[in-house]
Amino acid sequence: MPLSFKHLTSTKQLTREDMDAILKVALEMEKVRDSGGSDLLKDKVLASLFYEPSTRTRMSFESAMHRLGGRVVTAEGIQFSSLYKGETIEDTIAMASQYADIIVMRHPEQGSADKAASAALVPFINAGDGPGQHPTQGILDMVTIYKERGTLDGINITMVGDLKYGRTVHSLSFLLGLYNDITFTLVSPDELKMPEKVTSFYKEKGISFSETNKLEDGLQSDVLYMTRIQQERFADKSQYEKLKDSYVLQASHVKDKDITVMHPLPRVNEISTDVDALPNAAYFRQASNGVIARMALLAMLLGKA
Amino acid sequence: MPLSFKHLTSTKQLTREDMDAILKVALEMEKVRDSGGSDLLKDKVLASLFYEPSTRTRMSFESAMHRLGGRVVTAEGIQFSSLYKGETIEDTIAMASQYADIIVMRHPEQGSADKAASAALVPFINAGDGPGQHPTQGILDMVTIYKERGTLDGINITMVGDLKYGRTVHSLSFLLGLYNDITFTLVSPDELKMPEKVTSFYKEKGISFSETNKLEDGLQSDVLYMTRIQQERFADKSQYEKLKDSYVLQASHVKDKDITVMHPLPRVNEISTDVDALPNAAYFRQASNGVIARMALLAMLLGKA
Amino acid sequence: MPLSFKHLTSTKQLTREDMDAILKVALEMEKVRDSGGSDLLKDKVLASLFYEPSTRTRMSFESAMHRLGGRVVTAEGIQFSSLYKGETIEDTIAMASQYADIIVMRHPEQGSADKAASAALVPFINAGDGPGQHPTQGILDMVTIYKERGTLDGINITMVGDLKYGRTVHSLSFLLGLYNDITFTLVSPDELKMPEKVTSFYKEKGISFSETNKLEDGLQSDVLYMTRIQQERFADKSQYEKLKDSYVLQASHVKDKDITVMHPLPRVNEISTDVDALPNAAYFRQASNGVIARMALLAMLLGKA
């Protein structure tokens, strides 16, 4: 199915039609994967360029490529970035376009993905550019919500934790904003409230949202999206000490409730392991959905699905 | 052929039936490899997770997977371990289970393999957990002894060097203990004698063994298993200086004798390069057997052999 | 087609017949790649051993292997070299010969490639040994010249920049020396003139060459081969400041001229980006030719082309 873009650098590029198409293909890809993969991308090479390590994102993309019969060349880490010292990102990407049929890049600098896309001679996917965008995380979250809840329209979602710096909750807000009748409950300490760029988006789109400090206020939703609170975000450490336990999800919070628990992972303490065995716990399924979402994107951007 | 275990974390899990079955499949795999590989694991992805680098073990596993038509996603080294800082091994493995059909892990901490196996949703193989276990090394040593000597029962083996800290000689002792009429000659400096946990195992199983300081006492065996002595193991450096040359194997020690020389590699000085050209020298063949032994394990744990 | 060598460590091994054969196969490989790859090396595993990182060379080789349906096991970087501390290169390569069907190695020490080749039980390719050789760069440069100019005999080439330390211009000189009626124009600061080992080769072969400080003197050739001048090569920094801009190629230098601009990449400042859009700019096509040249070498050394 055709997408409205050739390169994926930001969730803001996606139309509802794009998201619907990706979702449809991702569900087909799930069947492909679970019945033993395919040779759809047999002739294709993915360049997996990680200027900073992000092993789980990289492995998810590479696994997706392999499930479709494709090949992968990988560069990761410090050695890689030092190598290219002095070379522009544009030249690196023009070069990689000679070696590969599609490029995935993670880079620590915001804006690097746009530079890369401008030089790419083959489809390009941003796998995170510092504090900028990480669109495939948002897309896999959407696939997960659909698979867990059977719909995207009408979803009530509670987002918990670090809403200020958490790239994932911003991306997911913009993507859910493509659908109808979404309601957000935003649970965070005052220091880590959802930034104005997102709340102004809610207002502009007429999306209803409420803000609170209490986890308990957010347990009536369809989806509970947990994120990690990092101690270093607090100027006042005693404030951190006071708050940190309020945002640790326990099995008792969600047991026997019809609420789906998501988390972009890795978690540290913010979801007790006693939640893992509950049917509510969708965070490992969410990781699995990352593979099928990326299979869909790789295939679609290569014009093969 | 079915194995008695789903995850391989320790040589102690193996029954004689397991070892016999692995040996049988490994010999079949040798034919597969030497006649150009197969597509047996075409649909499968191996996650190769090396928290500490061990390039030869990693390449051996990955080559095995490729020889069977499978795919590999790799994470290695410091960047990788720092990435997961704060995440439990159990979560990492639950995550990797979403990306791959089988997981191989090396980790510097003893006990990490058991934790990983407890969380794995797909077959898991321990590729070394610090001073703990490294079962596939022991298995490939067994395959090598069989291939070189035509039998496992009745083997006389001399183990030389650092028997105290050498993980490989412990694993191999436990595996040979599954067979009949094994005799051990243990050659080491007093500082590096075989530990009681192994000698008590010999006694319990009624296996005959003798201990000596002299390499010359061990040259009448079927197999001579050399290991490296590390200077840092000695409190008294003059003791090291005195001993180190006693354990350097020369061609003259084994030439025209019916004795198979093995070594887990890498060697530094402990086998003179003039041994390499002798038919006795089995250590590079041993590395080659690592590939077929791992082909067998990957295929068997995935239910494909 | 048969080559006159089993291992490729230096451009000096190549006869004109070798170079002609590689060129012929590379052109066939271009068609193979552009029509979706092949399964020619389906059963083969490449060990890609990079003791120092060289991501672009590594990715080019690995992409070449994948385009022919082969598999790759990779080791790169500091962790890798520390791992083998104490082991000889010969042992490492004997070991890798057990895991793979062909080996590519980059190593920081001159002479390491010859040691490696002496121990290799499978075909070996030098991907750069410090200040020594990097023969596949020279070969891909030859493929590029042929593709851009339609001939190798009769080429007038200008080499610009650091001709003293630049490994690529030395290799290319030796390879062009296999052909007839070659003319070299050598443009460099006095500090970085072509070394006597190369100019004496020109003289011995009766190849005409001239030396100059001015870029403008070299713009009448068929090929303009740019290289980077590194500040650290100059004892007198004011000399560097004075010269550096003389060797920055601008679009105005080559626009509407029938001259092909090459560069081994990465570039820093020595080619203005306004050259990129000109038909003269062959440096990214040159990178692409690296893949087809390496496809040819891998296939030929494995006896498959």
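This is a predicted model: local features need pLDDT of at least 70, side-chain atom pairs count only at pLDDT 80 or more; totals for chains, interfaces and linings use all residues.
Biologist: OK, chain C and chain A: how many residues are in contact?

Modeller: Chain C puts in 28 residues and chain A 24, with contact meaning heavy atoms within 4.5 Å.

Biologist: And what area is buried there?

Modeller: About 2,300 Å², with carbon and sulfur atoms giving 53% of that. Buried area here is the accessible area (1.4 Å probe) that two parts lose on being put together, summed over both.

Biologist: Which three residues of chain C supply more of its buried area than any other three?

Modeller: C:Arg56, C:Met59 and C:Arg67, which supply 28% of what chain C buries against chain A.

Biologist: How many salt bridges between chain C and chain A?

Modeller: The rule finds 4 across that interface; it asks for a side-chain nitrogen of Lys or Arg within 4 Å of a carboxyl oxygen of Asp or Glu. One pairs C:Asp39 with A:Lys42, where the closest N and O atoms are 3.3 Å apart.

Biologist: How many residue pairs are in polar contact?

Modeller: There are 12 between chain C and chain A, both residues at pLDDT 80 or more. A polar contact is a pair of N or O atoms within 3.5 Å; within protein, one must be able to donate a hydrogen and the other to accept it, and residues adjacent in sequence count only if both atoms are side-chain atoms.

Biologist: Which elements of chain C each supply at least two residues to that side?

Modeller: α2 (55–67), β2 (71–76) and α11 (283–301) of chain C. α2(C) gives the most, with 9 residues. Helices (H or I, at least four residues) and strands (E, at least two) are DSSP runs, numbered from the N terminus.

Biologist: Switching to chain A and chain B, what are the numbers there?

Modeller: The contact takes 28 residues from chain A and 24 from chain B. They bury about 2,300 Å² between them, 53% of it on carbon and sulfur atoms. A:Arg56, A:Met59 and A:Arg67 supply 28% of the area that chain A buries against chain B.

Biologist: Which residue of chain B forms a salt bridge with A:Asp39?

Modeller: B:Lys42, with the closest N and O atoms 3.3 Å apart.

Biologist: New topic: in what order do the strands of chain B's open sheet run?

Modeller: β2-β1-β3-β4, 4 strands with parallel pairing; two strands pair if DSSP finds at least two bridges between them. β2 (71–76) and β4 (124–129) of chain B are the edge strands, each pairing on one side only. The twist averages 10° from one strand to the next.

Biologist: Over how many bridges do β3(B) and β4(B) pair?

Modeller: 4, in the parallel sense, with β3 covering residues 102–107 of chain B. B:Met105 stands opposite B:Asn126 in β4(B).

Biologist: Which helix lies across β3 and β4 of chain B?

Modeller: α5 (residues 112–119) of chain B, running at about 165° to β4(B). Axes are lines fitted to C-alpha atoms, for helices over the stretch in contact, and angles run from 0 to 180 degrees between N-to-C directions.

Notes. Residues are numbered from 1 along each chain as its sequence is written. Chains are lettered from A and ligands numbered from 1 in the order in which they are written. Side-chain values use heavy atoms; hydrogens and water are left out.
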